[in-house]
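Please read each point alongside the structure shown here.

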Amino acid sequence: MPILETKGLNKEYASNHVLKDIHLQIWPGEFVAVMGPSGSGKSTLLYSVSGMDKISSGSVMFEGQELTDLSEQELAELRLNRMGFIFQQMHLLKNLNIRDNIILSTYLAKKSKRSSLNKRANELMKRTGILALAERDITQVSGGQLQRAAICRALINEPAIIFGDELTGALNSKSAGEMMGILNEINSAGTAVLIATHDAKVAANAERVMYMLDGNITAQLHLGKYNEAMGNFRNREERLAAWLLKMGF
């Protein structure tokens with residue numbers, strides 16, 4: 001069964017039809033990238049399928065639950081417990097250190113004791129290479145290190161899916177590559193990933209790439225699972241680049 005499925009999803013703002021009859025399936029453990037020009041509906045799609053934005057019509061099913069039937073409180077709890085979010089703007093609090101930013105939302109929701117959250121946060125920071133920065137303020141670390149903290153925050157509740165919107169847009173190429181390596185590890189461990197991006201190098205990490213234009217998913221490219229050990233990333237980039245050229249991107 002798909003972890004996420006939409007049927008006839010439509011989203012309108014005033015007279016602007018942003019998403020048009022979207023039919024989509026994301027499977028457990030799948031890595032999917034959404035590409036397309038600015039204004040095509042990529043970010044709106046992510047906000048709509050995660051329940052962060054109300055849809056105008058249609059269905060959004062997540063783990064067998066119809067999101068349009070849930071209250072705001074139920075949606076908030078679902079996002080907290082089963083979804084993780086990583087955005088270009090990381091929305092970290094300046095008055096908290098790295099560790100406290102990672103555990104804050106879960107701690108406030110009283111889902112776990114502080115000691116167990118600290119242990120989980122330390123494990124995630126060690127995994128992403130920022131454990132030594134745990135006590136630092138967010139103004140004392142680099143943009144790439146902040147994005148690693150954002151990854152840890154997204155993973156603190158062991159979500160079933162990670163959503164990312166232009167998550168490498170503010171990073172240099174080295175930091176972006178490191179971040180995608182971490183996301184690939186997360187995905188290989190079984191967490192589904194759905195990202196919106198303009199960057200073909202980022203999208204080439206995905207198992208499947210969807211192309212959006214004027215609120216529609218107009219085409220899809222299946223690249224298959226990426227395995228770093230196979231050393232085939234250049235071939236994936238070339239396949240994707242040729243396909244995007246056909247799309248007029």
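1. Glutamate 63 lies in the loop that runs between β4 (57-62) and β5 (65-66). The model is a predicted one, and this residue deserves a look at its backbone: phi of glutamate 63 is positive, about 50 degrees, although the residue is not a glycine. Most residues other than glycine have a negative phi. With a relative accessible area of 30%, glutamate 63 is partly exposed.

2. A positive phi is also found at aspartate 21, where the value is near 55 degrees in a residue other than glycine. Aspartate 21 belongs to strand β2 (residues 16-26). Its relative accessibility is 45%, so aspartate 21 counts as partly exposed.

3. Two packed helices are described by the angle between their axes and the distance between the axes. For helix α5 (residues 143-155) and helix α6 (residues 173-188), the axes come within 9 Å and cross at roughly 15 degrees. Because angles under 35 degrees count as roughly parallel, α5 is roughly parallel to α6. The crossing of α5 and α6 is right-handed.

4. Which residues make the contact between α5 and α6? On the α5 side they are Gly144, Gln147, Arg148, Ile151 and Leu155; on the α6 side they are Ser175, Glu178, Met179, Ile182 and Ile186. By class, the residues of this contact comprise 5 nonpolar, 3 polar and 2 charged.

5. Is arginine 208 buried or exposed? Arginine 208, located in strand β9 (residues 208-213), is buried, its relative accessible area being 6%. Its side chain forms a polar contact of 2.9 Å with the side chain of glutamate 30 and another, of 2.5 Å, with the side chain of glutamine 220. Beyond residues up to four places away in sequence, arginine 208 touches Gln25, Ile26, Glu30, Phe31, Val32, Ala33, Gln220, Leu221 and His222.

6. Leucine 194 is placed in strand β8 (residues 192-196) and is buried, with a relative accessible area of 0%. Neighbours within four places in sequence aside, the residues in contact with leucine 194 include Leu4, Ile26, Val32, Val34, Leu46 and Val49. Ile161, Ile162, Phe163, Gly164 and Met210 are also in contact with leucine 194. From C-alpha to C-alpha, leucine 194 and aspartate 100 are 26 Å apart in space, and they are 94 residues apart in sequence.

How values were computed: Residues numbered from 1 in each chain as written. Predicted model: local features only at pLDDT ≥ 70, side-chain atom pairs only at ≥ 80, totals over all residues. Heavy atoms only, no water. Axes fitted to C-alpha atoms, helices over the stretch in contact; angles between N-to-C directions. Helix = DSSP H or I, 4+ residues; strand = E, 2+ residues; numbered from the N terminus. Parallel < 35°, antiparallel > 145°, perpendicular 65-115°, else oblique. Left-handed = near helix turned anticlockwise from the far one by under 90°. Contact = heavy atoms within 4.5 Å. Nonpolar A, V, L, I, M, F, W, Y, C, P; charged D, E, K, R; others polar. Buried < 20%, exposed > 50% of the residue type's maximum accessible area, 1.4 Å probe, protein only. Polar contact = N/O pair within 3.5 Å; in protein donor to acceptor, adjacent residues only side chain to side chain.
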